[in-house]
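Have the sequence and the 3D view at hand as you read.

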Amino acid sequence: MRGLASIPLMALAVRGCVGSPLSDIGHKRESNSLGESLGIKADSMISYDGIYFGWAPNYSPRVTMTDLNEATGQKGATYNVYSQITQDNVDSGSYNGNDQYPVDDIIASGAVLIASLMPKVDWEDITAELCESVASYFKDTFTSKGVTVWLRYAHEMNYYADPSVVVYPGGRDYAAFNQTWKDMYTATESNDMIYMFWSPNVDTDSEPIAPWWPGKEYVDIVGMDYYPEGDALPDFATAYGSFYDTYAKSYSLPFAIAETGTQLNNGAATTAQKQQWLKSIINPSEGLGDYSEYYVSCTWFEYGPPANSIDFYIVYNQTENAVLETISNTENGS
């Protein structure tokens with residue numbers, strides 16, 4: 001990896017190498033049984049408040065989980081990959097991953113696969129039969145190989161269905177969306193290594209979340225995508241508290257941040273701002289309190305140019321000090 005060759009990987013693997021030693025943190029929680037019940041490996045990256053941590057690695061340039069694990073000396077807990085359901089899938093009645101999953105790296109990583117599956121067709125095109133094909137693909141390719149899948153179907157649906165965005169051509173047909181969600185849930189229900197992960201974008205007046213809620217009986221994990229601007233970073237409660245209380249706490253459902261990072265309105269945040277946001281959402285000095293009851297994991301959007309116009313990197317192509325700070329914030333906190 002560019003920018004990491006000079007970093008002594010063996011040194012980075014030492015626990016507590018930055019900040020207070022783990023033994024000095026009285027409220028540390030080095031496991032999360034709820035997260036482990038959802039397939040996260042117990043030896044994965046975890047904060048002192050018991051929040052597992054993983055990555056959405058960039059595809060251009062290709063950043064592998066092997067790269068990230070070697071750089072941090074830890075094992076990423078989650079591995080987010082984006083894929084689309086295309087018109088070709090609809091026409092053939094079959095989903096085959098569309099060559100978008102780095103299968104070998106995913107399997108070797110031992111991480112939970114967060115499969116962010118984006119329907120680039122009308123909701124009505126996502127038939128029950130196509131959902132069965134999706135379920136078969138993940139079974140044959142991943143769960144049969146020991147990889148747990150969190151199926152983040154139609155993530156950020158409230159944003160991507162916006163008429164001004166039109167990433168999801170089905171638009172704001174809530175009933176049609178909820179039918180496809182239920183069909184996908186039914187198709188995957190018999191596989192106890194696939195969990196349906198409902199993950200809208202941040203709730204706003206123009207992009208409300210509530211109409212997209214399919215019902216507790218059809219959801220295994222909830223989460224919310226949010227990218228604050230680095231000039232005024234909120235704490236966890238301000239950013240996620242209302243969503244957590246409404247959809248995790250009230251329904252007793254696990255909560256996971258499926259993707260996040262921070263930015264400025266005109267480009268990339270500074271390294272300090274990235275690290276501040278990272279620490280605020282997994283390792284705040286005061287702990288996460290009641291939010292830790294259902295909060296299981298956080299996944300960082302480890303993307304940058306050319307695939308993404310803004311640089312969100314906190315490990316790839318970063319300085320030794322930046323990587324060490326990431327290790328501190330994901331491991332031993334303040």
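The sections below go from the whole chain down to single residues.

## How to read the model

This is a predicted model, in which local features need pLDDT of at least 70 and side-chain atom pairs count only at pLDDT 80 or more, while totals for chains, interfaces and linings use all residues. Residues are numbered from 1 along each chain as its sequence is written, and side-chain values use heavy atoms, with hydrogens and water left out.

## Overall build

The protein chain has 11 helices and 10 strands. Helices (H or I, at least four residues) and strands (E, at least two) are DSSP runs, numbered from the N terminus. The C-alpha trace spans about 55 × 40 × 40 Å along its principal axes. For 334 residues, a compact globule would have a radius of gyration near 20 Å, and the 19 Å of the protein chain agrees with that. This radius is taken over C-alpha atoms, and the globule rule is 2.2 Å times the number of residues to the power 0.38.

How much of the chain is buried? Buried residues make up 58% of the 334 residues; buried means under 20% relative accessible area, exposed over 50%, and partly exposed in between (1.4 Å probe, protein chains only). Of the contacts between residues at least 6 apart in sequence, 75% join residues at least 24 apart, a contact being heavy atoms within 4.5 Å.

## Surface and charge

The accessible surface of the protein chain is about 12,900 Å², and 47% of this belongs to carbon and sulfur atoms. Areas come from the Shrake-Rupley method with a 1.4 Å probe; for residues, only the protein chains shown count as cover.

The chain carries 17 positive and 43 negative charges, and their mean positions are 5 Å apart. Lys and Arg count as positive and Asp and Glu as negative, with His and the chain ends not counted. Each charge is placed at NZ of Lys, CZ of Arg, CG of Asp or CD of Glu.

## Aromatic pairs

Rings of Phe, Tyr and Trp (its six-membered ring) pair if their centres lie within 6.5 Å; planes under 30 degrees apart count as stacked, over 60 as edge-to-face and the rest as tilted. The count by this rule is 48 aromatic pairs. One of them joins Tyr101 and Phe142, whose ring centres are 5.8 Å apart with planes at 65°, so the pair is edge-to-face. These partners sit 41 residues apart, Tyr101 in the loop between helix 4 (87–92) and helix 5 (103–109) and Phe142 in the loop between helix 6 (128–141) and strand 4 (149–153). Both Tyr101 and Phe142 are buried.

## Backbone details worth a look

Two cis peptide bonds can be found here. Ser60 to Pro61 is cis, with omega near 0°, and Pro61 lies in the loop between strand 1 (52–57) and helix 3 (65–72). Pro305 and Pro306 are also joined by a cis bond, with omega about 5°; Pro306 is in the loop between strand 10 (295–302) and helix 11 (320–331).

Ala154, though not a glycine, has a positive phi of about 50°. Ala154 is in the loop between strand 4 and helix 7 (157–160), and its 0% relative accessibility makes it buried. Val166 has a positive phi as well, near 55°. Its place is the loop between helix 7 and helix 8 (174–188), and at 48% relative accessibility Val166 counts as partly exposed.

## Around Gln84

Gln84 lies in strand 2 (residues 78–85). Leaving aside residues up to four places away in sequence, Gln84 touches Asn89, Tyr95, Asn98, Gln100, Leu117, Met118 and Lys120.
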